[in-house]
Amino acid sequence: MEKTVLVIGASGFVGKTVMRDLLIRGYAVRAAARQPVGIPDGAEYAVLPDLTQPDIAWGALLDGVDRIVYLAARVHVMNDTHPDPLAAYMAVNHDAALSLAHEAARRGIGRFVYLSSVKVNGEQSTRPLTELDPPQPTDPYGISKLRAENALLQLGQETGLAVTILRPPLVYGPGVKANFMALARAAGRGLPLPIGAVQNRRSMVYVENLADLIAVTLEHPAAAGEVFFASDGEDLSTAALTRGLAEAQGKAANLPRVPVALLMLGGRLTGRSSMIQRLTNSLQVSSEKARERLDWTPPYPVWQAIARTGGSLNQPPAQSTAHVKIQLSRSQRLYLSARTLLEKVAATAGLIILSPVYLLLTVLIRLDSPGPALFEQERAGQHHQPFKIYKFRTMRSDAPNLSTEEMQRSGLKVITHLGAFLRRTSLDELPQLLNVLKGEMSFVGPRPALMTQTPVLQLREQAGVDQLLPGITGYAQVTGRDDLQDTEKVERDAYYLHRIGPGMDLKILQLTLNSVVKGTGNK
C-alpha cells in the first residue's frame, strides 16, 4: 500500500519539485497550499489553513497521512517593517510547525521532515560548517528557525515522533526567483558585473538534489532525530557561479575585476552593504554527515545543475503542467495487448537463440576493461515507475550516472574500445530482452529516460507519452537518437503515440535494422 506524504507549503519553489519527485517514487501526495497553483497531476490538493493564527485545526488534513514534509515559511525579508518581526517569523516557522508536529505525534505519524535554513548558523564562515558547530543566527528569521529546530527535536524525544531537520544553504534551479535569478539574467545579458576579483566560496543546493535528500530522510532509519546540512558538495565563488550561468545561456560573462575593498566601500556609500557582503563573503557547509549516515549522493553534479538553471532562461514558459491523457482507439488498445503477449514469446526465443552471442560478448567485455559485463541502471518505465534496465556495459565502471547527451556536453571520455562498437551496432541493447520478458519494456516505444532527466519526464507527462511501455527502440531514436533536443524527442514520441499500430512498429523495426547494419547507432 502506497504511503501518503503531506507537503505543507506545496506550491512554493521547493514544494513543486518535492511533489514531482515523490509522485515519481510512488508516494501519494497531499499538497497543502493556499491556492491550487502548480499542483501536479496525481497530487491531492488541500487548502492550507492560515499559519499565522493560533490554535490551527489540522483536522482532515492529516487523515490517512504517513509522512509530513514542512516547507512553509515566512521567508527572510530585507528591511522588514513589521512591528514585531520575530513574532511574525515565529508564527509560521515555529508555532505552526510545532502545532502540526504535536498533532502528528498524537496520531502516530511516522516521520516529520522540517526544512530549516543555514541562517541558523549565521551569514558567513571561514571553513565548511558542520552540524556540530554552535548555531549563531543573526536575524529574526534565523532565530525562529533555530527555535523551531530545538522544539521539534525535543518533541520527538518526548513522544517518539521521528523528526528530521534539514538545513540547506541557497536553493536554486529553474524557476528560482529573487537575487539569484536577477544575477543569472544579468550574466546572460552580458551586463558588466564588477565581481571578477571575488574569490569567496559559497555552498548551494540544487532544488532537485534537495528534493532527493528529502525523499531519503522520509524513510532512512538513521535520519530520525538528526540535523543535516544539504549541499551539492562543490562550492563556487560568486564569479565562477556567474560565469557558469552565463555560459549556460550561450554568453560570456562580463566580470570586471574590481577589488573587494572598493566593492565594500561602494556598498557602505549606497546603503547596500548587506548585498555586497552576500556577494563577497564565504558561507560553506559540509553535507558529509548526510552522505555517510544516509548513504546519500546528490544525483545532479554542480555543472549540470547550473547548466539547467541558466539554460532555463532561454526556454519559453510551459503553457500548462497538466497531464494530457491521449485516448487510444479500441483497435490500438487491442493491438498493444496482443503485441505484449507476442513480444514475451519473441523475447524468450531470442534469449535462447542468442545465448552464444551473450556468452561471447560477456567474455570480450570482461577482457576489454575491468568490471561486470552487464550494466544495470534505474530508468523511468510506464507511468514513470522506476525499473532496472539491462545493457551490456560500454563505459568504464567508474562512469558517472548521466545521460549520453550530458556526457557529450561535459566532454567526458568514458566509453571503452569495445563499447564504441557495441553502441554503434546497438548490440549493447540485447540484454533488454530480459526487460521485455519481465513486462517492463516493449520492443518499440519511447526510449526509457533516466529518473533524473526531469525535463524529459515532465514533457512526456504533458504529452501523455508516459502511458506507454518504454521500448528497446523507438521512433525518436531511429530518426535522431541523442542529437535531438528534449522537446523534439518528445514531439516524435507523441507522433508515435498517435500512430501506434503494426505498420508503424514494422517501419521503426526496419529503420532500426538498417541502423544496426550500417553501424550508425550511438557514438
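Student: Is Glu 149 buried or exposed?

Tutor: Glu 149 counts as buried, at 1% relative accessibility. The cut-offs are under 20% relative accessible area for buried, over 50% for exposed and partly exposed in between, with a 1.4 Å probe and protein chains only. Areas come from the Shrake-Rupley method. This is a predicted model, where local features need pLDDT of at least 70 and side-chain atom pairs 80 or more, while totals for chains, interfaces and linings use all residues. Residues are numbered from 1 along each chain as its sequence is written, and side-chain values use heavy atoms, leaving out hydrogens and water.

Student: Which residue forms a salt bridge with Glu 149?

Tutor: A salt bridge puts a side-chain nitrogen of Lys or Arg within 4 Å of a carboxyl oxygen of Asp or Glu. For Glu 149 the partner is Arg 167, with the closest N and O atoms 2.8 Å apart. Glu 149 sits in helix H3 (residues 140-159) and Arg 167 in strand E6 (residues 162-167), so the pair ties together parts 18 residues apart in sequence. Helices (H or I, at least four residues) and strands (E, at least two) are DSSP runs, numbered from the N terminus. Arg 167 is buried too, with a relative accessible area of 5%. Elsewhere, salt bridges with shared partners join Asp 63, Glu 103, Arg 106 and Arg 107 into one network.

Student: How many salt bridges does the whole structure hold?

Tutor: The search finds 19. One of them links Asp 21 and Arg 25, at 2.6 Å between the closest N and O atoms. Asp 21 is buried at 15%; Arg 25 is partly exposed at 38%.

Student: Where does Arg 25 meet Asp 212 in sequence terms?

Tutor: Their side chains form a salt bridge, 2.5 Å from N to O. Arg 25 lies in the loop between helix H1 (13-24) and strand E2 (28-33), and Asp 212 in helix H5 (residues 207-217), so the pair ties together parts 187 residues apart. Asp 212 is buried, at 15%.

Student: Which residues gather in a patch of positive charge?

Tutor: Patch members have over 30% relative accessible area and no salt bridge; like charges are joined within 9 Å, and nonpolar side chains (Val, Leu, Ile, Met, Phe, Trp, Tyr) within 5 Å. Here Lys 16, Lys 177, Arg 185 and Arg 189 gather on the surface. Arg 185 belongs to helix H4 (178-188) and is partly exposed at 39%.

Student: What about phi of Asp 55 and His 384?

Tutor: Most residues other than glycine have a negative phi. Asp 55 has a positive one, near 55°. His 384 is positive as well, at about 65°. Asp 55 is in the loop between strands E3 (44-47) and E4 (67-70) and is exposed at 78%. His 384 is in the loop between strands E10 (374-380) and E11 (386-392), yet buried at 3%.

Student: How many helices and strands does the chain have?

Tutor: There are 19 helices and 13 strands. The radius of gyration is 25 Å, close to the 24 Å from the globule rule for 523 residues, so the chain is as compact as a globular protein of that length. That radius is taken over C-alpha atoms, and the rule is 2.2 Å times the number of residues to the power 0.38. The C-alpha trace spans about 75 × 55 × 45 Å along its principal axes. Of the 523 residues, 51% count as buried.

Key:
Areas by Shrake-Rupley, 256 points an atom, 1.4 Å probe, with all protein chains shown as cover. Lys, Arg positive; Asp, Glu negative; His and termini not counted. Charge placed at Lys NZ, Arg CZ, Asp CG, Glu CD.
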